[in-house]
Amino acid sequence: MTRDGYNQFCPVAKACELLEPRWTLLLLCEMWAGSTRFNEIRRGVPGMSPTLMSKRLKDMEQRGLVLREKNAATGEIHYTTTAVARELEPIVHAFGQWAHRNLDADVTLEKLDARLLMWNMRRKIEVGALPPDRRSVIQFVYPELPREERNYWLVAKPDRPVDLCSTDPGHAVDLFVTADLKAMTSAWMGLSSLAAEVARERITLVGAPELSRTISAWMVRSSYAGACPAAP
């Protein structure tokens, strides 16, 4: 795109000028998912540098897509989407569904990122399907990754947001989930089924039976999983 854009009055061209700068749609998706603070948003776009993210958020604010608000009491900065940006949400979701239906699974699974997978899995955990009277700690282990990147802990408490830890939180683990990263990503995205990956021993569950038995209930899959045909 040239500095002056497409130089067309076509609405599609104008929409592209607004949304095309790299990362714009991914930042919006992260905010639509509930992230409002800078570091929260950044965890959803781990390949983006803080400097570029700060610049892009400023650009999006100027374009009327994002509101930047400062909490007078705490000094915290929060970013939220505007009504104009929220109108885009179902359109972008439909765009993602189209890609999920039509892109080859090998292309989708070409670039794997355990941090991003776990961050997205964390917010889809159905706390109501976990034991209601206590904390649940679930450790995910990806053996093929370097030691410092292979362990993640989900800590869930009744009526509280789920915490994601990349260092040991020091709690007793209720369930160990050891997985091939590609298999877990595929199952969560709906490109294969969790049951099939467990049967193939690419995902193993060791620990509390009430958690391993109900994993399909509390580990809710990606919102795009339903866009795929039933996966084996």
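Author: The account below takes up the salt bridges and then turns to the pocket.

The model is a predicted one, in which local features need pLDDT of at least 70 and side-chain atom pairs count only at pLDDT 80 or more, while totals for chains, interfaces and linings use all residues. Residues are numbered from 1 along each chain as its sequence is written, and side-chain values use heavy atoms, with hydrogens and water left out.

A search of the whole structure finds eleven salt bridges, a salt bridge being a side-chain nitrogen of Lys or Arg within 4 Å of a carboxyl oxygen of Asp or Glu. One of them joins the side chains of Glu-30 and Arg-123, at 2.8 Å from N to O. Because Glu-30 belongs to helix α2 and Arg-123 to helix α7, this pair ties together parts that lie 93 residues apart in sequence. Helices are DSSP runs (H or I, at least four residues) and strands likewise (E, at least two), numbered from the N terminus. Glu-30 is buried, at 3% relative accessible area, whereas Arg-123 is partly exposed, at 25%; buried means under 20%, exposed over 50%, and partly exposed in between, with a 1.4 Å probe and protein chains only.

A salt bridge also connects the side chains of Glu-76 and Arg-37, at 3.5 Å from N to O. This pair links distant parts of the chain, 39 residues apart: Glu-76 sits in the loop between β1 (66-70) and β2 (77-81), and Arg-37 in the loop between α2 and α3 (38-44). Both partners are partly exposed, Glu-76 with a relative accessible area of 33% and Arg-37 with 36%.

In the pair of Arg-134 and Glu-210, the closest N and O atoms are 2.9 Å apart. Here Arg-134 is in the loop between α7 and β3 (136-141) and Glu-210 in helix α10 (residues 209-212), 76 residues apart. Arg-134 is partly exposed, with a relative accessible area of 27%, as is Glu-210, with 32%. Elsewhere, salt bridges that share partners join Arg-37, Glu-40 and Glu-76 into one network.

Helices α2 and α7 also belong to another feature: they are among the elements that give two or more residues to the lining of the largest pocket. That lining comprises 42 residues, of which Leu-26, Cys-29, Asn-120, Met-189 and Tyr-224 lie nearest the pocket's centre. A pocket is, on a 1 Å grid over the protein atoms alone, an open set of points where a 1.4 Å probe fits, with protein on both sides within 12 Å along at least five of seven lines, and lining residues have an atom within 4 Å of a point. The largest contribution to this lining comes from α5, with nine residues.
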